[in-house]
Amino acid sequence: MIERKTMPRRILLRTALLAPPFAMGASQVAKAQELPDPQMDQTAPIAVPLLKFTTAAGTPISLKNFKGKFILLNIWATWCGPCREEMPTLDRLQAKLGGTHFQVVPISIDAGGLAPVQQFYHEIGIKHLGIYLNITGDAMDALNLEGIPASFLINPAGLQIASLAGAADWSSPSAVAFFQKAMAAP
């Protein structure tokens, strides 16, 4: 019997980050109704690690820039099939709830930087989400992630109160109700 050596998932994912994005057109993006409703794991409020990322303009930014509002932090990449499927639902969620009390913050870990993200937003028709970049991929380490997409609900005090690994339909009625309930809680 031949013994197969396997790469740890984190190393495999980092290797994929360096590869050119897969050629996936908008026609390959699944419809939101194929994605499950998000079932976020709720936790006692915990500190969120320091994340270094930039805006599309190249301005350094952190989660502190969003303090005072609920944040749905999403770590994703254009080459990630499930990420591509859920991005339109995040865009619809931002359109519905985004404002002074809520913000979706999608951080791309694409090693290629801004160009593939802008192209993806154009192809898929993303209109309501900002572009945030972490091209080093160190957000993966900071959040101790083994895969993407990964999402975290952060309260106005800057503490994580829920998380979900995997893709979901963030614009489903139950997801919207979940966020509205979280924002209404004292």
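**Chatting through the fold**

Student: How much of the protein is buried?
Tutor: Of its 186 residues, 46% count as buried, where buried means under 20% relative accessible area, exposed over 50% and partly exposed in between, with a 1.4 Å probe and protein chains only. Keep in mind that this is a predicted model, where local features need pLDDT of at least 70 and side-chain atom pairs count only at pLDDT 80 or more, while totals for chains, interfaces and linings use all residues. Residues are numbered from 1 along each chain as its sequence is written, and side-chain values use heavy atoms, leaving out hydrogens and water.

Student: How many helices and strands are there?
Tutor: Five helices and eight strands; these are DSSP runs, helices being H or I of at least four residues and strands E of at least two, numbered from the N terminus.

Student: Okay, helix α3. Which residues are buried there?
Tutor: In α3, residues 114–124, the buried ones are P116, V117, F120, Y121 and I124. They sit on the same side of α3 because they cover an arc of only 135° around the axis, taking the directions from the helix axis to the C-beta atoms.

Student: And what's on the face turned away from that side?
Tutor: The exposed residues A115 and H122.

Student: What covers the buried residues?
Tutor: The cover includes β4 (70–76), α2 (81–97), β5 (102–108) and β6 (132–133).

Student: New topic: where does L159 lie?
Tutor: In strand β8, residues 159–165. L159 counts as partly exposed because its relative accessibility is 28%.

How values were computed. Contact means heavy atoms within 4.5 Å.
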